[in-house]
Amino acid sequence: MLILTAMELEGRAVAGALGLTVAGAGIWRGDQMELRTVGIRACRLEGAWIEGAKVVIMAGVAGGLDPSLRIGDVVVDGELEFTPPEGMRRGSIHTVEGVVCAKELKRELWETTGALAVDMENAIVKLMAAKAGVRFIGVRAILDTAERALPQYLGDITDDLGRPLGLKLVGRMLRRPVMLGELMRLRKESVAAMEAVGKAVEKVVEAIRSSGG
């Protein structure tokens with residue numbers, strides 16, 4: 001079983017929930033499973049792909065498009081041979097090229113795609129899994145709701161693994177001190193979302209094994 005996350009923070013959360021051990025930079029291993037980080041927009045996917053994997057899970061956080069979703073709610077998308085565990089919604093996850101910050105754009109995507117959530121990797125990994133003939137499941141916990149606007153600068157202050165770029169972050173905060181409050185609030189919400197996705201992947205793995213998948 002191959003589990004992928006875009007960001008290191010997501011990887012650590014999922015690895016902790018599954019009891020995996022560190023096996024290298026951005027790599028964790030456990031009982032017949034391996035977890036790897038693939039970067040934002042799955043930019044490191046080819047290097048993380050493992051031939052012979054039977055199931056691929058793309059896990060992490062996402063933006064909510066369905067107005068009923070709240071922070072920490074979980075959406076599951078993909079080839080499920082089991083009923084989603086309690087507390088999860090089954091539905092599509094729409095993939096875009098950049099962070100969807102504006103509430104208006106979230107509303108437009110909700111109306112035009114019918115997807116429950118939006119991310120930047122699901123469709124990319126799903127396509128590669130399809131080409132390899134591997135079963136795919138996406139598991140996403142909501143970080144920002146449909147009614148929440150994210151700061152436009154987020155993509156500029158992190159690297160492709162979601163790690164803060166120190167100099168850029170400090171420079172922007174000096175010019176815009178209000179950023180500190182925004183980022184502290186986002187960090188608090190991230191903790192809840194990361195905990196939720198870790199528990200969700202644990203339940204999905206249990207369901208896959210129980211179903212013989």
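Predicted model: local features only at pLDDT ≥ 70, side-chain atom pairs only at ≥ 80, totals over all residues.
Mentor: Local features here need pLDDT of at least 70, side-chain atom pairs count only at pLDDT 80 or more, and totals for chains, interfaces and linings use all residues. Residues are numbered from 1 along each chain, and side-chain values use heavy atoms, without hydrogens and water.

Trainee: Why are α1 and α6 called oblique to each other?

Mentor: The axes of α1 (residues 8-18) and α6 (residues 179-210) cross at roughly 50° and come within 8 Å. Under 35 degrees counts as roughly parallel, over 145 as roughly antiparallel, 65 to 115 as roughly perpendicular and the rest as oblique; α1 and α6 are therefore oblique.

Trainee: Which residues of α1 meet α6?

Mentor: L9, E10, A13, V14, A17 and L18 do, where contact means heavy atoms within 4.5 Å. On the α6 side they meet M194, V197, G198, K199, V201, E202 and V205. By class, this contact has 9 nonpolar, 1 polar and 3 charged residues.

Trainee: What makes E8 count as buried?

Mentor: Buried means under 20% relative accessible area (exposed is over 50%, partly exposed in between, with a 1.4 Å probe and protein chains only). E8 has 18% relative accessibility, so E8 counts as buried. E8 touches W28, T37, L161 and R163, not counting residues up to four places away in sequence.

Trainee: How do you know that the buried residues are on the same side of α1?

Mentor: The buried residues in α1 are E8, E10, G11, V14, A15 and L18. They cover an arc of only 155° around the axis, which puts them on the same side of α1; the arc is that of the directions from the helix axis to the C-beta atoms.

Conventions: Axes fitted to C-alpha atoms, helices over the stretch in contact; angles between N-to-C directions. Helix = DSSP H or I, 4+ residues; strand = E, 2+ residues; numbered from the N terminus. Nonpolar A, V, L, I, M, F, W, Y, C, P; charged D, E, K, R; others polar.
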